Amino acid sequence: MSSTLGKMAKVGSGKYGAGVGKDRGKTTQSSRANVQFPVGRVHRMMKGGLVHGRRVSATGAVYLTAVLEYLCAEILELAGFVAKSRHGLRITPRYLMFAIRGDQELDKFIKATIASGGIVPHRGKDELLAKGKPAKVPPKKKK
């Protein structure tokens, strides 16, 4: 009997043996929803301040988190294109401002002032994404 107890003790390290309970780890709401932003934190903030005194469903928090993640990805993608076109190595607040003001929908949606973003040059918004070459204007037709 002592030989079997010795073998059982060596099988695992821990109370129930090796490998038992590894799959019991908690999965986050973000991993279940397949998003990178924190669903639990957004849900807590929605309950605390956004809709104070009202109930908030879990799917509402997941939906809002997915929308926030999409908007951030869209802005960062556009800012990356601006930085690349201006031979920048990193995305700065200036490039973020150019990306937001260069996109018609984002410009309408985001009316905030970006810190250290500077001002938009008085050129066409199509030229903001260009390298600095002026846009070709077709000549006016004579009547």
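Predicted model: local features only at pLDDT ≥ 70, side-chain atom pairs only at ≥ 80, totals over all residues.

Biologist: How many helices and strands does the protein have?

Modeller: Helices (H or I, at least four residues) and strands (E, at least two) are DSSP runs, numbered from the N terminus. Here there are seven helices and zero strands, so that the order from the N terminus reads α-α-α-α-α-α-α.

Biologist: At what angle do the axes of α4 and α5 cross?

Modeller: Axes are lines fitted to C-alpha atoms, for helices over the stretch in contact, and angles run from 0 to 180 degrees between N-to-C directions. The axes of α4 and α5 cross at roughly 110 degrees and come within 8 Å. Angles of 65 to 115 degrees count as roughly perpendicular, and α4 and α5 are therefore roughly perpendicular to each other.

Biologist: Which residues make the contact of α4 with α5?

Modeller: Contact means heavy atoms within 4.5 Å. On the α4 side the contact is made by I75, L76, L78, A79, V82 and A83, and on the α5 side by Y95, L96, F98, A99 and I100. Ala, Val, Leu, Ile, Met, Phe, Trp, Tyr, Cys and Pro count as nonpolar, Asp, Glu, Lys and Arg as charged, and the others, Gly among them, as polar; the residues of this contact divide into eleven nonpolar, no polar and no charged.

Biologist: Which residues form the largest nonpolar core?

Modeller: In soluble globular proteins, nonpolar side chains tend to be buried together. A nonpolar core is a set of buried Ala, Val, Leu, Ile, Met, Phe, Trp, Tyr and Cys residues joined through side-chain atoms within 4.5 Å, where buried means under 20% relative accessible area (1.4 Å probe, protein chains only). The largest one has twelve residues, including M97, L106 and I110, and α4 (58–85) and α5 (93–102) each supply at least two of its residues. Apart from it lies another core, of six residues, among them V39, V42, M46 and V56.

Biologist: Is T65 buried or exposed?

Modeller: T65, whose place is in helix α4, is buried, with a relative accessible area of 0%. Not counting residues up to four places away in sequence, T65 touches V35, F37, P38, V39 and V42.

Technical notes. Residues numbered from 1 in each chain as written. Heavy atoms only, no water. Buried < 20%, exposed > 50% of the residue type's maximum accessible area, 1.4 Å probe, protein only. Parallel < 35°, antiparallel > 145°, perpendicular 65-115°, else oblique.
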